Amino acid sequence: ENVRHTFINPHIVQREGEVDMMEEGCLSIPHIREEVARKYSITIQYYDADWNFHDERYSGMLARIIQHEYDHIEGILFVDHLAPLKKRLLRSKLNAISKGRVEVKYKIKLPR
């Protein structure tokens with residue numbers, strides 16, 4: 001399903017259903033993919049590009065994608081959802097990425 005939406009001032013008001021584990025990755029953290037737990041369904045309120053208000057429910061993969069992108073707005077990356085032990089195991093890879101020691105075929109902005 002090809003879905004294109006503009007979410008202005010989004011707010012996830014409810015997360016419900018079973019927790020699904022699925023591997024996620026992110027352009028912000030290249031070459032790392034890990035299992036992340038997310039609720040199966042969400043209700044989100046937002047304005048579209050024409051400033052119309054929406055209160056909608058999404059489920060499945062679309063709900064997962066919206067939660068992943070919503071996390072970015074909140075300053076959260078998918079690795080923030082990992083258990084402390086898993087994060088410690090990834091520490092050297094994450095440090096290398098933060099220092100620019102990573103090769104990708106797209107532009108990335110690294111912390112200074």
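By salt bridge I mean a side-chain nitrogen of Lys or Arg within 4 Å of a carboxyl oxygen of Asp or Glu. R33 sits in strand β2 and E23 in strand β1, 10 residues apart, and the pair links distant parts of the chain. R33 is partly exposed at 47% relative accessibility, and E23 is partly exposed at 40%. On that scale, buried means under 20% relative accessible area, exposed over 50%, and partly exposed in between, using a 1.4 Å probe and protein chains only.

A word on the source: this is a predicted model, where local features need pLDDT of at least 70, side-chain atom pairs count only at pLDDT 80 or more, and totals for chains, interfaces and linings use all residues. Residues are numbered from 1 along each chain as its sequence is written, and side-chain values use heavy atoms, leaving out hydrogens and water.

Three strands make an open sheet in the order β1-β2-β3, with antiparallel pairing. Its edge strands are β1 (8–26) and β3 (53–59), each pairing on one side only. Strands are DSSP E runs of at least two residues, helices are H or I runs of at least four, both numbered from the N terminus, and two strands pair if DSSP finds at least two bridges between them.

E16 is partly exposed, at 22%.

So which residue does E24 meet in a salt bridge? The partner is R64, at 2.6 Å from N to O. E24 lies in β1 and R64 in helix α1, so parts 40 residues apart in sequence are tied together. Buried or exposed, these two? E24 is buried at 5% relative accessibility, and R64 is buried too, at 7%. The backbone oxygen of D20 also lies 2.8 Å from a polar atom of the R64 side chain.

Finally, E24, R38, R64 and D71 are linked in a network of salt bridges. Thanks, folks, happy to chat!

How values were computed
Polar contact = N/O pair within 3.5 Å; in protein donor to acceptor, adjacent residues only side chain to side chain.
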